[in-house]
Amino acid sequence: MSGNKQYDENGESGFFASLDESGFGDGEWSHIEEVHCSNHGMTLVYKAQHYGKLFALKCLKPEYQDDVNAIALLEKEFDIGFNLRHKNIASTLDFTHVATLGKCVVMEWVDGDTLEDYVRNHEPSKNQAKSIALQLCDAVEFLHSHQVIHRDLKPLNVMISAVGEQVKLLDFGLSDASRFTSFKQPAGTLGYVAPELLTGESNGDVRSDIYSLGVMLKKLHPSLAKVARRCTTENPDDRYQSVSQVRKALTDRKGKWWWGVALLLAVIAIVLLLLPRNSESKKNRVLFPADSVSVNEKIDKDTFETNKELIQNTLETPVHTPTNEKTLSANELPNKQTTNVVNQNNVNELELIDRAKSMALKLFAEYKNTIEDKNLSDIEKAKASRQFSLELEVMVHKIIEDAHIEGSEESKQLEAKALAAARSVIKKAIEVDN
């Protein structure tokens with residue numbers, strides 16, 4: 001490639017215009033264009049080119065360029081921003097003098113929309129809003145880890161990049177850090193500033209930033225309203241006490257889990273009303289093979305209610321059968337002509353109920369993994385709930401049927417007890433899990 005020929009006809013890569021049009025420049029600031037003027041503040045922001053790159057220049061309005069306090073505040077903003085390097089914070093690069101503008105803070109240029117314009121023009125989805133909220137949390141938490149309080153978190157100070165929709169937090173003009181002794185008075189923007197800053201009770205701390213963050217979350221998407229409400233409580237002690245707590249609340253699946261539990265209970269209730277209850281209908285149902293479970297493998301009720309770790313292990317670990325213990329299975333029992341079969345085989349009512357509980361927990365563990373699968377739709381989860389309830393009833397029926405209990409009424413009563421116990425143990429597992 002030579003001269004002004006930027007490409008050829010053989011499919012080789014190249015520019016489609018003369019390199020003379022690239023605007024690389026000679027190192028002087030050029031194409032300076034005002035992009036923001038603070039109505040009540042002391043600063044102006046310009047977009048400018050330098051060595052072929054775009055930058056943001058923040059300088060003082062002409063009437064403040066000789067003001068000692070205004071200059072000191074601009075220098076403080078540079079000092080705070082220069083020490084912050086994070087993917088979600090616009091980089092502060094230099095403090096220099098630019099002809100016609102005076103002293104300027106040189107910052108990374110972010111091509112995109114302010115968060116205010118982004119919400120208005122794009123109407124972000126629930127997932128997009130959550131992504132933005134978590135990126136905001138990352139940026140603000142990084143500030144706090146460096147003992148910096150932003151004190152002016154608002155949509156106008158957040159950019160969403162045109163490429164990749166990456167959050168960029170900017171403007172540290174009102175920020176404060178523990179190492180500074182000047183400009184410590186309360187500051188912020190009405191509508192976003194925490195109440196304690198307005199009353200002068202505080203100069204700003206982590207919780208005041210969390211308040212402002214909550215106001216933004218409230219405007220970002222309705223799905224964030226619950227987290228936003230706690231962020232914006234009037235009493236700072238009632239808010240989240242750290243950004244990490246805000247992030248945890250945004251990513252917590254507990255609410256979704258309870259929705260799944262409510263759906264499960266509703267489906268079980270409907271199925272119980274629709275399922276046939278007579279013996280003849282049970283004979284025509286499709287039965288699932290019952291696993292062999294040790295008759296000595298019981299769940300101690302008191303331990304179950306008080307030992308969360310035991311319950312969690314029971315939910316996550318499949319029910320096992322020790323090889324050296326006697327197991328309850330159909331082929332070890334006499335035929336139905338023998339009366340009082342359960343007692344003759346040293347298997348009593350409690351042991352059959354314990355078996356139903358153990359098997360229910362195993363089935364519940366499999367269902368729990370399904371209901372928490374974020375790739376499944378609500379309809380698929382509803383189908384899984386119905387399948388679970390059906391399998392639970394069939395499983396209990398099979399356990400009682402394999403015991404060859406003489407007398408249909410006695411068999412029905414024991415099956416009802418075992419099914420109730422199975423549902424009870426699942427309910428306790430849900431309570432402990434949450």
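Which strands form an open sheet of three, and in what order? Keep that question in mind while you set up the view. The model on your screen is predicted.

**Stop 1**

Select β6 (112-114), β8 (residues 158-161) and β9 (167-169). These are the three strands, and their order in the open sheet is β6-β8-β9. Their pairing is antiparallel. Look at the two edges: β6 and β9 sit there, each pairing on one side only. From one strand to the next, the twist averages 30 degrees.

Zoom in on β8 and β9. Three bridges join this antiparallel pair. Pick Val158, then find its bridge partner in β9, Leu169. Strands of a sheet pair through backbone hydrogen bonds, either parallel or antiparallel.

**Stop 2**

**Stop 3: the five-stranded sheet**

Move to the open sheet of five strands. Follow its order: β1-β2-β3-β5-β4, with antiparallel pairing. Which strands are at the edges? They are β1 (30-37) and β4 (92-98), and each pairs on one side only. The twist averages 30 degrees from one strand to the next here.

Select helix α1 (residues 68-82). It packs on this sheet and touches β3, β4 and β5 (102-108). Its direction makes about 150 degrees with that of β4.

**Stop 4**

Start with β1 and β2. A hairpin of five residues joins them. Five bridges link the two strands, which run antiparallel. Select His36 and look across to Val45 in β2, which stands opposite.

Next, select β2 (residues 43-50) and β3 (residues 53-60). How many bridges join them? There are eight, and the strands run antiparallel. For one example, pick Leu44: its bridge partner in β3 is Cys59.

**Stop 5: a salt bridge**

Show the side chains of Lys47 and Glu33. They meet in a salt bridge, at 4.0 Å from N to O. Lys47 belongs to β2 and Glu33 to β1, so the pair links distant parts of the chain, 14 residues apart. Side chains of opposite charge can pair when their charged atoms come close. The count for the model comes to 15 salt bridges.

**Stop 6: the largest pocket**

Select His36, Thr43, Lys58, Asn157 and Asp171. Of the 45 residues lining the largest pocket, these lie nearest its centre. The pocket holds about 1,300 Å³ of space. Colour β1, β2, β3, α1, β5 and β6: these elements each give two or more residues to the lining. The largest share, five residues, comes from α1. By class, the lining has 20 nonpolar, 14 polar and 11 charged residues.

**Stop 7: the largest cavity**

Finish with the one cavity of 30 Å³ or more in the structure. Its volume is about 40 Å³. Select Arg151, Tyr192, Val193, Ala194, Leu197, Ser208, Asp209 and Ser212 to show its lining. Which helix gives the largest share? That is α5 (residues 206-220), with three residues. Sorted by class, the lining has four nonpolar, two polar and two charged residues.

Notes: Residues numbered from 1 in each chain as written. Predicted model: local features only at pLDDT ≥ 70, side-chain atom pairs only at ≥ 80, totals over all residues. Heavy atoms only, no water. Pairing = 2+ DSSP bridges. Helix = DSSP H or I, 4+ residues; strand = E, 2+ residues; numbered from the N terminus. Axes fitted to C-alpha atoms, helices over the stretch in contact; angles between N-to-C directions. Contact = heavy atoms within 4.5 Å. 1 Å grid on protein atoms, 1.4 Å probe; cavity = no way out; pocket = protein on both sides within 12 Å on 5 of 7 lines; lining within 4 Å. Points joined across faces, edges and corners; volume = space filled by probe spheres on them. Nonpolar A, V, L, I, M, F, W, Y, C, P; charged D, E, K, R; others polar.
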